[in-house]
Amino acid sequence: MADIITVDRDDVLLKKEGFDDHFHDHHHEDKYKSNFISHYIFSMDHKMIARQFLITGMLWAIIGAGMSIIFRLQLGFPDESLAWLKPLLGKWITINTETGMGSLQPEFYYALVTMHGTIIVFFVLTAGLSGTFSNLLIPLQLGARDMASPFLNMLSYWFFFMASVVMFYSLFLSTGPFSGGWTAYPPLSALPQASMGSGTGMTLWTISLVLFVVSVLLGGINYITTVLNLRTKGMTFWRMPLTIWAFFVTAILGLLSFPVLASGFFLLMCDRGLGTSFYLSEIFIQGSALDFAGGSPVLYQHLFWFLGHPEVYIIILPAMGLVSEVMAVHARKPIFGYKFMVYSILAIGFLSFIVWAHHMFMSGVNPFISNFFVVFTLIIAVPSAIKVFNWIATLYKGDLRLNTPMLFSIGFVSMFISGGLTGVFLGNSAIDIQQHDTYFVVAHFHIVMGIAAFFGMFAGVYHWYPKMFGRFMNETLGKIHFWATLIGAYAIFWPMHYLGLAGVPRRYYRFDSFDAFGSFGEMNMFITIAAIVVFFAQLLMVINFFYSMYYGKKMTTKNPWGATTLEWTTPIKAGHGNWPGKLPTVHRWPYDYGKDGKDFISQLEPMAEGETEAH
Amino acid sequence: MTALVILLILVLVVIILIQVGKVNELASKIRGEEEAEQQSNNRTALFCLLFLIGFMIYCVYTGFIYKDIVLWYGPHISASEHGGRIDHLFNVTLFWTGIVFVLTHVLLFWFSYKYRSQKGVNQAYITHNNTIEYLWTGIPALVLVYLVAAGLDVWNDVMPDVDPNDDDYIEIEAVGQQYQWEIRYPGEDGKLGTRNYKLIDPATNNIGMDFTDEKTHDDLIISGDFYLPVGQKVRVRITSKDVLHNFYLPHHRVKMDAIPGLPTYFIFTPSILTADYRKRLKGHPDWEVPAEADEPDGPKRWEAFDYELACAELCGKGHYSMRRVLKVVSQREYDQWLKDQKSFYLTNIRNTEGDPFKGQLVKAEIASRSKDFLAAVEQAVSTPEDVSDDLINLEHVFYQTGSAQLRDDSKYELDNVVSVLNKYKTVAIELGGHTDSTGNAGANQVLSQSRAESVRNYLIQKGIPATRLQAVGFGPEKPVDTNDTDEGRQNNRRTEMRILTNNI
Ligand code: HEM
Ligand SMILES: [Cu+2]
Ligand SMILES: [Cu+2]
């Protein structure tokens, strides 16, 4: 029954100390009045938009992961018949009339790989992760009624939705979706003659991503403005939870880098449609010499990676923020080195803009220039390391609740270490001569970005699920999900390091055309089986997610985790505007766990006589 | 079918797990949530510890079983001179990151276990500690500075272009196209001729060599395996016809994008013969199996080993199949192989429609004739007792029609004769003029005599002592072919040189 006292305490503090913004005087239920459509569909409530992002992201995740299972089947069992997939894939499976063997068309294999990458990177780990949690937590944790512009926020989701529709539609083109890799390097992506997917598929891919860029920009402007202007009374920058810091810097990165991607795409469109030569020069293809002259494909790579590298941090920073927060709450301890954590986020954010060419060491850029990029790239490992050490120190002498969100946070740290350390190899250009475009790179980025970001997202979903849906997800299933995913992900990606070190290049449809790459059949089979198991473990999570929405354990108290942050001071079913009465006033930083013998002290709690803020 | 069964099983497992989840939740409600939570916490902590142990064992174990497939442990080593330094750098990085990896993982999961929530134990309130922050900022920074310095040292040694005045390298060219590599060698002059993509014609000139540039005339387009001499610095000029490709020789640590319109390069020195690399692999269980599974008595894998050239930049649906074989051989073997390669221009283009020099002599042709001529003379001179090879047809000596006047383009062949006579001071020759059988036999006899004379005069004029030269006219008497066809008559009209003596 201790909980009830806490609830009361919150309400008392809100009433007594809260900041009256005359919410009801001004809006009088008119602006925020809602019917079904404006509540569930064209909603302007950031909490609803967050859920929309999350569920759309989950649908995409299932599609993206499903694609990977199909192409893993091809790699793990190249000589097994895939005829049973014919009902799903239609003409992309050709059946040998004599043997009955069904094989996946190479064009479609590459289309799957490309779509998988695009979908996971942009739709799942950018929109689904940052879109969900920035929306949910920025207003709630800052003590704001909503985003600075709820309308733009709504548009942000619907642009994402349109991007999704266009991309989804492109999957069903008779020439197939785009198949030139998620990085879409020209000339392959520029010339319909070069590949089937570079025709209409590529056009739709570009349109979709331009819509997506608009979505990110609308969201980002909102996040930044909200953080700058709508912090409640007492919420100074140094009292913001690390989640907010992470979302804030993420939004800035997005705002600065996505327009560059859009310009890159714009030039690409010009080359495709208007006959300009930004990226193309001296090309002879399909029996004819094209007129392009003087362009450079390397220019595209610069523009792409000027976004591309910040993009990987756009993906990982929110995950880092979520993990920091979840870890502190469930370790019942302040995050260790809060200020260093913030400075690391800022340093990573800044440095992520000056390392892009480490993706291009072997792209024909002047090798002298690479010197700078090596230096900056390895410098970025320092703030990354600081963060890892701080997370580990946070656990030290904690009072750890090893529930699902906490486990995913710990798993995140493990993944981030494993994948980050391989970055130290790749960032050294001399080593990258050998490792570039091999499975070593595939292992690196899947572990450090793919799996780690998913872990951050899972930690967030399990932790804030009660906030979003008023119920808890099933713990047992959550734990099974965690262990299967942790072990499974390492089973998939760890062996890929060895493949890479054996020289096996990525993006190969089969390996047996080379003696040097063709002798790892067993390992590939193992990886594929692990991938299938992990895929099913994710379905477990999806089922848990939707099942718990209706049948999960009910949330009976406002603050079930005993957290200090503001989102847990709103009513269980918070309406639009978040706090029914006054806005909370903040008196302290968000990490007072275990201070002065108290399990936790809410940010609402005024400083006691003689108490100092300790960070 | 099996796939379907497996799918069904997996779905079943998922359903069972969901039931387990529900039951567990119910059970904990019955037992009392707090106690259930405590129990589950302890169990999970134990799992963390077990995972740590399992994971570390897995890392060591897989490292151990896979070390022989990795390109620089076990039997594999770098097959190029710079590659060893890259591998060393890799190992140094592995050492330092390995320490961090183990240390952080042990702490992470040990803490997760050790500091699990327990009754009666409270958390400590620790917010920060700047000393330790500086420590763990500084130490990684130092290690990274070291790694950067070591890395850039290698990088700046490996990557810079050759000094154009450094003549101790050979340059070859690799041209990527969907989906194969074209390999071009420069030929005698050591220079790759100009290319122009507008001249590409897949049937006759697949990489668009510009034959108005005489440097292309001796260039070789290699079909089949391409060879490089061991210990010789090679500059590969890398380019593409259509989309991006990447010139990738895994065993040599060579990798560079091929870009249309923007040639790149990579410089390396092969250091291990193909044959020697095979010997290294011999005896390793992985390599002692038959190369082809369906030919158990065929060659073993190690015997069939070859360096392979691959593509490492996505270039379309056939990206995975751009294979060429590189043979690294001794200099002698390489020279021999090179000699057997035929100039692309002279064999495929010469005097066809596409030849800008149609009907004119080109340097490469002159050079190649001179080479052939010299070889024939050497053969004759080196075997004085064998007279069968002493008669050499001066194939490229021509006269104005019906006269003994030498055509201008005969001088190349005659200059070859001059230079061998200058080289072999003791050799004397007989110059024999021949005609076909058409026309007046007496006139033919006279014409052949005067033609032989005019060659003799040319040589004398070039400073060869008259005593070493005899001119004989044979008329139509010694045909080498039939006189019934144009071609046969053409062959019969000729000038020959016979080596008379090696020793006067
Ligand atoms: C310790 C810091 C890191 C360093 C030094 C580093 C370095 C590198 C380098 C040099 C490459 C290019 C490899 C190649 O293509 O040859 C690369 C690839 C990549 N990295 Fe990292 N990385 C680091 C951390 C991260 C993080 C934190 C993420 C994401 C959250 C990430 C995501 C990626 C991705 C997605 C790619 C591959 C992109 C592609 O080619 O498709 N890396 N990394
Ligand atoms: Cu990067
Ligand atoms: Cu390729």
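The 4 donor atoms around the copper ion (ligand 3) subtend angles of 87 to 132°, which makes their arrangement tetrahedral, a term used for four donors when all angles lie between 85 and 135 degrees. The model is predicted, so that local features need pLDDT of at least 70 and side-chain atom pairs count only at pLDDT 80 or more, while totals for chains, interfaces and linings use all residues. Residues are numbered from 1 along each chain as its sequence is written, chains are lettered from A and ligands numbered from 1 in the order in which they are written, and side-chain values use heavy atoms, with hydrogens and water left out.

**Metal sites**

- The copper ion (ligand 3) is coordinated by B:Cys311 (SG), B:Glu313 (O), B:Cys315 (SG) and B:His319 (ND1), at 2.1 to 2.6 Å, where donors are N, O and S atoms within 2.8 Å of the metal (3.2 Å for Na, K and Ca).
- The donor residues of this copper ion follow the spacing C-x1-E-x1-C-x3-H in sequence, and both B:Glu313 and B:His319 are buried (under 20% relative accessible area, 1.4 Å probe, protein chains only).
- The iron atom of ligand 1 has a single donor from the protein, A:His444 (NE2), 2.2 Å away, and lies 4.5 Å from the copper ion (ligand 2).
- A:His444 belongs to helix H15 (residues 439–469) of chain A, helices being DSSP runs (H or I) of at least four residues, numbered from the N terminus.

**Helix packing in chain A**

- Helix H10 (residues 297–331) and helix H11 (residues 338–351) of chain A pack at an angle of about 175°, with their axes 11 Å apart.
- That angle makes H10(A) roughly antiparallel to H11(A), the term for angles over 145 degrees.

Definitions and conventions
Helices (H or I, at least four residues) and strands (E, at least two) are DSSP runs, numbered from the N terminus. Four donors count as tetrahedral if all angles lie between 85 and 135 degrees; four count as square planar and six as octahedral if opposite donors are over 155 degrees apart and all others between 65 and 115; anything else is irregular. Buried means under 20% relative accessible area, exposed over 50%, partly exposed in between (1.4 Å probe, protein chains only). Axes are lines fitted to C-alpha atoms, for helices over the stretch in contact, and angles run from 0 to 180 degrees between N-to-C directions. Angles under 35 degrees count as roughly parallel, over 145 as roughly antiparallel, 65 to 115 as roughly perpendicular and the rest as oblique.
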